[in-house]
Amino acid sequence: MLDQKAIETKAVNAVRDIIVESDYLDQFIADNDKEPSFDGFVYLYSEKGKKKENFIGRIAVQVKGTQRKVPANKTIIKYPVALSDLRNYLSEGGVIYFVVHISSDGKKHRIYYNDMLPIKIKKILEYAPDQSTKNIKFRLFPSDIKVVQTLLFSFYEHKRKQSILHDLSEIPSVDDLQQQKLLQELSLTVAGTGQYHNPIDAFLNEDVYVYAKVIGTEVHYPVDLITDTAERIISHEVINHISVNGKQYYEKYVVLDYIDKVQLKFGQSITFTFPRSKTDSPKQKATINYTPCSSLRQRATDLAFWIAFVKASGFEMNGKFTRFPLDSKLTDESCQKANEELSFLENVVNVFSILHITQDINIKNMSERDWRELNILCKAFIDKEPIKGMRKDLPFSYQLRIEDVRIALVHTEIDVDDTAKIHDFFSDHFLYGYTVEDVRHFAPPCAIIDQEGWKIISNIYFDDILPSFRRIYLQHHDYEIFVVANNSLLTILLAYDSCGKKELLETAKQLSQWIFKECPEETLSIPIRLINFLQVMGRIRDLNKAERIQLLELAENTNTEERIKVGAYLLLKNKDAAEMHFDRMSSDLQKSFIKWPIYHFWITH
């Protein structure tokens, strides 16, 4: 057995012997432990020759030797480090800490290290506040001098970056920066040996430091460290056509990289898992898992692919067949059940397509009643069969709710035993009829939707709102349809202001443009049409100079109604002038005005 001084000397010599191999590194490491917490420094140079003018900086070094059996294949060890030493390392901006195992005869050694930068030290101290020592993981130190150089230069670069904060209590968290609205961007930087040529492997295996760029500065503050204690996943999409027997199911898939495996995820239900190959372990098989997702639409696609995949024992990726034989095939019974479920799901998807419903359903949240209602919809719109047992008190038009989807429907009785046909409320077969001064007029069904309805009804076909008004106008040449369309426009704007649904604003834009251009003066005056058109545009963008001039001319015209002047000044963002003209209106008109969508600009400016 060697005495402790000999062990320490051999440990220091082992580290020195590696450092001196480099043309860019030099060392001054003492073997008698004179300095508190430190044994010396490694010096970095930008050019060969190690001249003073090429000096970059230095890294503090601590070397600990211990005599024990030198493990042949052990790449990770644990070693107790004094917390008082860790606090001292902070003042130097970090340390490369070496632990050298010396064999019992002193002829063999194995070097382990930990690159302790300020962020890492802070994390260690946070989790061991009342301890005198902390067992810390050390990795096997590389023997390739190029890898050693990369490791030390990387350490120095991160040391320089993290030295921006002299007091570790100043280190902000990502949450703090977000709450203060100071976070501009985050950057993740690998700090390690550089031995991984694939950046994904580097991110999965090396320490990763997180830096935050603060708004208004070019400084990147250290905020976090991702170590081997955290599960790391790198996710990215791959554009690739996935087919079975020529039928395409997906146009892309997700790759999830873990330290020990790689997963391909098709849709939301199917996962292929490939273990990462290890030279010291037998080759393992890929595993395939199908776990039905909660999204109705996605489950239909995923189940269709799964059934086809199982039958074909593989799939095509960009036309090239990849074989994945399963250990067990679907039994006849399970195959029948899968096909029955798929048939039902596809019918529901088709019903939603017929009704122009883009919203999805979370299957896991559905009640038994929801499932019954879906079956009724499939029978009504796919099988086109009448529905028996309809409620006698059910109104002609009504809303059906399935989970969070609300569907506006119409039912028409066809006999006396509570049997009826169910139709889409927005079907062309129905018109809304009304009478004004003994004259019969017609409007599309959407004309009677109230503000709440525009927000919650799922089967509104927004692309057909303007065409539905146009069709009635072309068929009946009735200018009254512009009044109805204008009322719908105002209701839509009220709905949009309370929910922000983008389809509502686009529909309002289309209606306002049509009304502004096509409606005759005797039906709706130019001032009304202009205000309504520009209040839509004012919700989309800033009004341009020509539009502002139009509003100013309108507001300054002595013949313009006070309510129009108020609206014009609100759109011009002149709230004082708007308030002056508002005060000139009757109290009844004021009460009405605050219910109109133009009042939105009073509240928001």
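**Exercise 1. Locate S458, decide whether it is buried or exposed, and list its partners.**

Solution. S458 is found in the loop between α10 (451-456) and α11, where helices (H or I, at least four residues) and strands (E, at least two) are DSSP runs, numbered from the N terminus. The model is a predicted one, in which local features need pLDDT of at least 70 and side-chain atom pairs count only at pLDDT 80 or more, while totals for chains, interfaces and linings use all residues. Residues are numbered from 1 along each chain as its sequence is written, and side-chain values use heavy atoms, with hydrogens and water left out.

The next step is accessibility: S458 has a relative accessible area of 9% and is therefore buried, given that buried means under 20% relative accessible area, exposed over 50%, and partly exposed in between (1.4 Å probe, protein chains only).

The last step concerns partners. The side chains of S458 and Q359 are joined by a polar contact of 2.8 Å; such a contact is a pair of N or O atoms within 3.5 Å, and within protein one must be able to donate a hydrogen and the other to accept it, with residues adjacent in sequence counting only if both atoms are side-chain atoms. When neighbours within four places in sequence are left aside, S458 is in contact (heavy atoms within 4.5 Å) with H356, I357, Q359, D404, V405 and R406.

**Exercise 2. Describe the backbone phi and the setting of H356 and of K181.**

Solution. Most residues other than glycine have a negative phi. H356, which is among the contacts of S458, has a positive phi of about 60° although it is not a glycine. H356 lies in the loop between α8 (332-354) and α9 (368-381), and its relative accessible area of 31% makes it partly exposed.

K181 is likewise not a glycine and has a positive phi, of about 55°. Its place is in the loop between α5 (174-179) and β8 (183-191), and with a relative accessible area of 72% K181 is exposed.

**Exercise 3. Work out how α11 is oriented against α12, and which residues meet.**

Solution. Start from the axes, which are lines fitted to C-alpha atoms, for helices over the stretch in contact, with angles running from 0 to 180 degrees between N-to-C directions. Those of helix α11 (residues 465-476) and helix α12 (residues 480-499) come within 10 Å and cross at roughly 170°. That angle is why α11 is roughly antiparallel to α12, since angles under 35 degrees count as roughly parallel, over 145 as roughly antiparallel, 65 to 115 as roughly perpendicular and the rest as oblique.

From α11, F469, I472 and Y473 meet I481, F482, V484, A485 and S488 of α12. Sorted by class, the contact of α11 with α12 has 7 nonpolar, 1 polar and no charged residues, where Ala, Val, Leu, Ile, Met, Phe, Trp, Tyr, Cys and Pro count as nonpolar, Asp, Glu, Lys and Arg as charged, and the others, Gly among them, as polar.

**Exercise 4. Characterise L493 in helix α12.**

Solution. L493 is found in helix α12 and, at 0% relative accessibility, counts as buried. Its contacts, apart from neighbours within four places in sequence, are L505, A508, Q535, V536, R539 and P597. As a distance check, the C-alpha atoms of L493 and N245, which are 248 residues apart along the chain, are separated by 49 Å.
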